[in-house]
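Please look over the sequence and the 3D structure shown here before reading on. The report is meant to be read beside them.

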Amino acid sequence: MTKLEAGNIHLWVCFYNEVEDETLLDRYFSLLSPDEVQQRNRFQFEDDKKRYLLTRASLRTLLSKYAPVPPMSWCFEKSSQGKPYISESHGEAAKIQFNITHTENLIVIALANSCRLGIDVENHKSRDASIEVAKRFFAPREFRDIQACEESTRQKRFFEYWTFKESYLKAQGMGIHHALDKAAFRFPDSRGVELICDGGDESERWGFWQFSLRDEYTIALCVEELFPGKNKIQISQIQPTGIETPLQMELCRVSDNGSQ
């Protein structure tokens, strides 16, 4: 059993298109609940079906590393805002907080103990940045910063802001459709990030990290700071019931109250 200490954040990465063993995929399918099976079958495209299968099987298997609950037995509920969480029927195991994000060929699951967290990933090379979205929904200072970037770096800067915003809103249990300009970010230097709140929140409550993976994925993590400056992040690559290996990701930005 893996112990998830308070203040530690575990990130688990799965490149789902690299899982091709049909026997293994059948094994993953057997871990899903009836509701998850129905949800998977609603997807039209095979890539979406596979991503959903690997996401749910990975989450169930990972949670069973931290608590004595079989993967098939986990029960989940949703908040009024639609954010999933572990059912209180699991007792102490319900203290495990998780958040999930995905993009093409990549799933990232973040886990922590008793603190809210949010994570987001975008492929800044294959997905086009929308300057119109930035103009309409980003804070004015963010839009000006994006406009001031060289054309070669403008797209990456857009997704730096986008993933930070998404991770923060997800940590609070809200979707990206909420007011994006109420959570503004500032980059004081090439490695830093600061949250500028305009919604009654306290920016000091939250720690932020941003990583680059394979020079194409931008990953942002937001964690409610129970132990400011003392967080430890562990990153691993996983197949749901397969091999686990440590994974190196480049740390690109971190807030002052974060640590690595």
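Predicted model: local features only at pLDDT ≥ 70, side-chain atom pairs only at ≥ 80, totals over all residues.

In general, the strands of a sheet pair through backbone hydrogen bonds, and the pairing may be parallel or antiparallel. Here, an open sheet is built from four strands in the order 6-10-9-13, and their pairing is antiparallel. Strand 6 and strand 13 are the edge strands, each of which pairs on one side only. On average, and with direction ignored, neighbouring strands of this sheet are turned by 20 degrees against each other.

Strand 9 and strand 10 run antiparallel and are joined by eight bridges; Phe211, for instance, has Ile219 in strand 10 as its bridge partner. Helix 6 packs on the sheet, where it touches strand 6, strand 9, strand 10 and strand 13, and its direction makes about 150 degrees with that of strand 6.

| Element | Residues |
|---|---|
| Strand 6 | 117–123 |
| Strand 13 | 250–254 |
| Strand 9 | 206–213 |
| Strand 10 | 217–224 |
| Helix 6 | 151–171 |

Asp120 lies in strand 6. Is Asp120 buried or exposed, and which side chain of opposite charge is nearest? Asp120 is buried, and the nearest side chain of opposite charge is that of Lys170, at 4.9 Å. Since a salt bridge requires the charged atoms to be within 4 Å, Asp120 has none. Leaving aside neighbours within four places in sequence, the residues in contact with Asp120 include Trp162, Glu166 and Ile219.

Key. Residues numbered from 1 in each chain as written. Heavy atoms only, no water. Pairing = 2+ DSSP bridges. Helix = DSSP H or I, 4+ residues; strand = E, 2+ residues; numbered from the N terminus. Axes fitted to C-alpha atoms, helices over the stretch in contact; angles between N-to-C directions. Contact = heavy atoms within 4.5 Å. Buried < 20%, exposed > 50% of the residue type's maximum accessible area, 1.4 Å probe, protein only. Lys, Arg positive; Asp, Glu negative; His and termini not counted.
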